[in-house]
Amino acid sequence: MDAQAQLSSLWSRGRDFLGTEVAILGGAMSWVSERHLVAAISNAGGFGVIACGSMSPDLLDAEIKGTQALTVKPFGVNLITMHPQLDALIDVCLANKVSHVVLAGGLPSGASIKRAKDGGAKVICFAPAVVLAKKLVRSGADALVIEGSEAGGHIGPVATSVLAQEILPVIRDVPVFVAGGIGRGEAIVSYLEMGAAGVQLGTRFVCATECIAHENFKKAFLKANARDAMPTVQLDARFPVIPVRALVNKGTDLFMETQRVVIERFNKGELDQKEAQLEIEHFWAGALRRAVIDGDIENGSVMAGQSVGLVTQEQPTVDIIKELVDQAVTALQLRAAS
Ligand SMILES: Cc1cc2nc3c(=O)[nH]c(=O)nc-3n(C[C@H](O)[C@H](O)[C@H](O)COP(=O)(O)O)c2cc1C
């Protein structure tokens, strides 16, 4: 079998599940993964995913329709489970015949999974540990993403390499896609060989030509090394912070300061526990928009994964995917030759 055929076979389960040429999901990135990047990834043979983030059902409806105007290929929608209008957002996906719904940002309820599935969509969930992976499969998840702490954005504590070893040998009933820290095709091959159905990349797609992120945001990616993408730090155990991996900047310092001020106000009785927690949680939502859309990369949140060091030029999405596939094929060829 030649290397190209070998790769096709290695990720055939993922390709069949997604309905794509290559089993590469463009991980949903709030403010970044809108119609242009999503359609570009799907048109290039991958699987684009709209980041719903905090959008209202009406805005999501417009974004889905806008994406459908740019591609006839399949794409998905990523919904955050704690969104107060989650059911309405699922219904918008179903009304628009979105083929795959990704439920992210916390464990989805069985009812949410069922709602999407009953409406005809396939459901993809994030599994942060083996027990939860098994539970999600029992609840009806059609596929899982395992995302390690190398990833950009909100992250869990465990590295991709370890999650892959824990989950890939155990979960065989549904396709599992590996995310976090993947920037080259060689890594894709290695996860496929460990049993992954495909992969999900976010950071690598930020500097796609079609991506609408502000040029300052893209420049920051081009300049950064792996070590610049660090997780945020929690100041007080009473106020848990889900770590966010982002390029270190003034915004990172400001987040520490915000936590300090909010905790001080809580200690003085000016805020109750819930209010204080919300103020801390809300910090990055606005900050990501400031960086991605307004280009304020000093004070905003420049969420990026450790693979940011592998992002070296702005290039069309089709070239990014071709590069990844070529690297994967070359890796397989070199192995066969040696
Ligand atoms: C700027 C940025 C924003 C992100 N926003 C989201 C999001 O809204 N929802 C989500 O599920 N994941 C989000 N992610 C994670 C990506 O979907 C993807 O899983 C991750 O980027 C993969 O790891 P990588 O960055 O190492 O490629 C975000 C990542 C980045 C870099």
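Trp 31 lies in the loop between E1 and H3; helices (H or I, at least four residues) and strands (E, at least two) are DSSP runs, numbered from the N terminus. This is a predicted model, with pLDDT of at least 70 needed for local features and 80 or more for side-chain atom pairs to count, while totals for chains, interfaces and linings use all residues. Residue numbers start from 1 along each chain as its sequence is written.

Trp 31 has a positive phi of about 70 degrees, although it is not a glycine. Trp 31 counts as buried because it has 20 C-beta neighbours inside 10 Å. The cut-offs behind that label run as follows: a residue is buried with 20 or more other C-beta atoms within 10 Å of its own, exposed with 12 or fewer, and partly exposed in between, with C-beta atoms placed from the backbone. Lys 97 is another residue other than glycine with a positive phi, here near 55 degrees. Lys 97 sits in the loop between helix H5 (86-95) and strand E4 (100-104), and it counts as exposed because it has 11 C-beta neighbours inside 10 Å.

Helix H3 (residues 35-43) is mostly covered, with seven of its nine residues buried. Those are Arg 35, Leu 37, Val 38, Ala 39, Ala 40, Ile 41 and Ser 42. Just after H3, Gly 45 takes a positive phi of about 105 degrees.

Gly 45 turns up again among the partners of Val 22. Leaving aside neighbours within four places in sequence, Val 22 is in contact with Arg 15, Gly 45, Gly 46, Ile 321 and Val 325, where contact means C-beta atoms, placed from the backbone, within 7 Å of each other. Val 22 is found in the loop between helix H2 (12-18) and E1, and it is buried, since 24 other C-beta atoms lie within 10 Å. The C-alpha atoms of Val 22 and Leu 7 are separated by 9.3 Å, the two residues being 15 apart along the chain.

Zooming out, the protein chain has 13 helices and 11 strands. Along the principal axes, the C-alpha atoms fill a box of roughly 70 × 45 × 40 Å. Buried residues make up 49% of the 338 residues. Among contacts with a separation of 6 or more, 64% link residues 24 or more positions apart.

The domain assignment gives domain 1 (3-213 + 311-337) and domain 2 (225-292), with bounds that come from an automatic or database assignment. The C-alpha centres of the two domains lie 27 Å apart. Where they meet, 10 residues of domain 1 are in contact with 10 residues of domain 2. The domain 1 side of this meeting place has five nonpolar, five polar and no charged residues. For these classes, Ala, Val, Leu, Ile, Met, Phe, Trp, Tyr, Cys and Pro count as nonpolar, Asp, Glu, Lys and Arg as charged, and the others, Gly among them, as polar.

The largest nonpolar core holds 113 residues, and Leu 79, Val 101, Leu 144, Val 176 and Val 199 touch the most other members. Such a core is a set of buried Ala, Val, Leu, Ile, Met, Phe, Trp, Tyr and Cys residues joined through C-beta atoms within 7 Å. Helix H12 (residues 273-292) supplies the largest share of this core, eight residues, and at least three residues come from each of domain 1 and domain 2. Beyond its neighbours within four places in sequence, Leu 79 is in contact with Cys 52, Leu 86, Leu 89, Ile 90, Val 101, Val 102, Leu 103 and Ala 104.

In helix H11 (residues 250-267), Asp 253 is exposed, with 11 other C-beta atoms within 10 Å. The C-alpha atoms of Asp 253 and Cys 211 are separated by 27 Å.

Finally, 27 residues surround the ligand, the closest being Gly 27, Gly 152, Gly 153, Gly 202 and Gly 305; a residue is near the molecule if its C-beta atom, placed from the backbone, lies within 6 Å of it. The shell divides into 11 nonpolar, 13 polar and three charged residues.

Note on methods. Two residues are in contact if their C-beta atoms, placed from the backbone, lie within 7 Å.
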